Amino acid sequence: MIVNGITNTNNKYSINVFPNPAINTINIESNYTEVIDYLILDITGKLMFRGSLNNTLEKVNISQLQKGLYILKITSDNLNITKSIIKN
């Protein structure tokens, strides 16, 4: 099965991550109007990237990551979402 994107609805907030699987870039799309922090972790929990999203659509460069499965943690004061992303 191929997953083209992941949508998560947390009460009134929507977070979309696409494409998934991705090669060089993932897009994080949100209707959340405040700054959102994100972490990308490998499957052992090692921090690979950290950043903040200031827009409703943010491109995140993942080209430095090895192929595999990663965890995307998205947090803010009222938001706590965890997603899986696949790097091809």
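Mentor: Start with burial. A residue is buried under 20% relative accessible area, exposed over 50%, and partly exposed in between (1.4 Å probe, protein chains only). Tyrosine 32 has a relative accessibility of 4%, so it counts as buried. That is our part.

Some ground rules. The model is predicted: local features need pLDDT of at least 70, side-chain atom pairs count only at pLDDT 80 or more, and totals for chains, interfaces and linings use all residues. Residues are numbered from 1 along each chain as its sequence is written, and side-chain values use heavy atoms, with hydrogens and water left out.

Where does tyrosine 32 sit? Its place is the loop between strand 3 and strand 4 (36–42). Strands here are DSSP runs of E, at least two residues long; helices are runs of H or I, at least four long; both are numbered from the N terminus. Set aside residues up to four places away in sequence, and tyrosine 32 touches Tyr13, Ser76, Asp77, Asn78 and Leu79. Contact means heavy atoms within 4.5 Å. With serine 76, the side chain of tyrosine 32 also makes a polar contact of 2.9 Å. Such a contact is a pair of N or O atoms within 3.5 Å; within protein, one must be able to donate a hydrogen and the other to accept it, and residues adjacent in sequence count only if both atoms are side-chain atoms. Threonine 56 is 24 residues from tyrosine 32 along the chain, and their C-alpha atoms are separated by 7.0 Å.

Now move to glutamate 58. This residue lies in strand 6 (residues 57–61). A salt bridge would need a side-chain nitrogen of Lys or Arg within 4 Å of a carboxyl oxygen of Asp or Glu. Glutamate 58 does have a polar partner: its side chain contacts that of asparagine 55 at 3.1 Å. Beyond four places in sequence, glutamate 58 is in contact with Ile26, Asn27, Ile28 and Leu53.

Lysine 59 also belongs to strand 6. Its relative accessibility is 62%, so it counts as exposed. Leaving out neighbours within four places, lysine 59 is in contact with Thr25, Ile26 and Asn27. Lysine 59 and glutamate 29 are 30 residues apart in sequence, with 8.8 Å between their C-alpha atoms.

Glutamate 29 leads on to phenylalanine 18. These two are 11 residues apart in sequence and 8.3 Å apart, C-alpha to C-alpha. Phenylalanine 18 is in strand 2 (residues 13–18). Its relative accessible area is 30%, so it is partly exposed. A cis peptide bond joins phenylalanine 18 to proline 19, with omega about -15 degrees. Proline 19 is in the loop between strand 2 and strand 3 (25–30). Proline 21 lies in that loop too. A cis bond links asparagine 20 to proline 21, with omega about 15 degrees. As a rule, most peptide bonds are trans.

Proline 19 brings in isoleucine 85. They are 66 residues apart in sequence, yet 9.0 Å apart from C-alpha to C-alpha. Isoleucine 85 lies in strand 8 (residues 79–87). Its relative accessibility is 2%, so it counts as buried. Outside four places in sequence, its contacts include Val17, Asn20, Ile26, Ile40 and Leu69.

Leucine 69 is found in strand 7 (residues 68–76). Its relative accessible area of 40% makes it partly exposed. With Ile43 and Ile86, leucine 69 forms a nonpolar surface patch of about 280 Å². Patch members have over 30% relative accessible area and no salt bridge; like charges are joined within 9 Å, nonpolar side chains (Val, Leu, Ile, Met, Phe, Trp, Tyr) within 5 Å.

Finally, the whole. The protein has zero helices and eight strands. Of its 88 residues, 35% count as buried. Among contacts between residues at least 6 apart in sequence, 46% join residues at least 24 apart. The protein exposes about 5,400 Å², and carbon and sulfur atoms supply 48% of that. Accessible areas come from the Shrake-Rupley method with a 1.4 Å probe; for residues, only the protein chains shown count as cover.
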